[in-house]
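Let us go through this model by asking what each description rests on.

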Amino acid sequence: MSENFAYPASVVRDQAGFYLVTFPDFPEAATDGESKYEALNEAPDSLEEAIAGRMNRGDPIPHPSARKARQALIPVPAQMAVKAALYIAVKEAGIRNAELAKRLDADEKEIRRLLDPHHRSKLPRLEAALEALGKKLVIGIEAHA
């Protein structure tokens with residue numbers, strides 16, 4: 001199964017003239033801007049912080065819902081997408097950090113850093129951790145819409 005880390009977002013103009021961006025999959029996430037461009041430019045940071053909050057609390061990270069007409073599609077920043085994928089894979093496997101550390105021949109402290117949404121982990125270690133859980137990292141590139 002493939003996991004996509006781009007979430008639909010609604011953009012509406014409020015009474016003050018600002019553009020408000022909200023995410024159906026993350027009710028706790030919202031941002032705004034004086035222009036639609038500015039609001040959409042801020043949206044990935046808002047989405048990233050919502051995912052980080054869920055990871056820190058141990059809450060589930062939802063799969064992206066289907067994009068509806070007039071919704072923007074906001075990709076999660078790359079580092080966070082990989083960390084969220086690892087977080088989801090660990091939850092699905094039902095294992096503790098110590099078990100993943102054993103599979104990677106690593107210290108449990110390293111696993112905590114790999115799962116820390118604000119720690120700048122190295123991509124090869126994140127990829128190795130995903131592989132230890134039977135997952136493969138696949139990166140794609142798309143043109144701007």
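Q: How do you know that the span of α2 is close to the one expected?
A: This is a predicted model, in which local features need pLDDT of at least 70, side-chain atom pairs count only at pLDDT 80 or more, and totals for chains, interfaces and linings use all residues. Residues are numbered from 1 along each chain as its sequence is written, and side-chain values use heavy atoms, with hydrogens and water left out. Helices are DSSP runs of H or I with at least four residues, numbered from the N terminus, and the expected span is 1.5 Å times one less than the number of residues. With its 16 residues, α2 reaches 23 Å from first C-alpha to last, close to the expected 22 Å.

Q: Why are residues of α2 such as Leu86 called buried?
A: Buried means under 20% relative accessible area, exposed over 50% and partly exposed in between, with a 1.4 Å probe and protein chains only, so Leu86 falls under that 20% limit, as do others in α2, including Met80 and Val90.

Q: What makes the packing partners of the buried residues of α2 count as such, and which helices are they?
A: Contact means heavy atoms within 4.5 Å, and the buried residues of α2 pack against α1 (36–57), α3 (97–104), α4 (108–114) and α5 (123–132).

Q: Which residues does Phe26 contact, leaving aside its neighbours within four places in sequence?
A: Phe26 is in contact with Tyr7, Leu47, Ala50, Ile51, Arg54, Ile61 and Pro62.

Methods
Helices (H or I, at least four residues) and strands (E, at least two) are DSSP runs, numbered from the N terminus.
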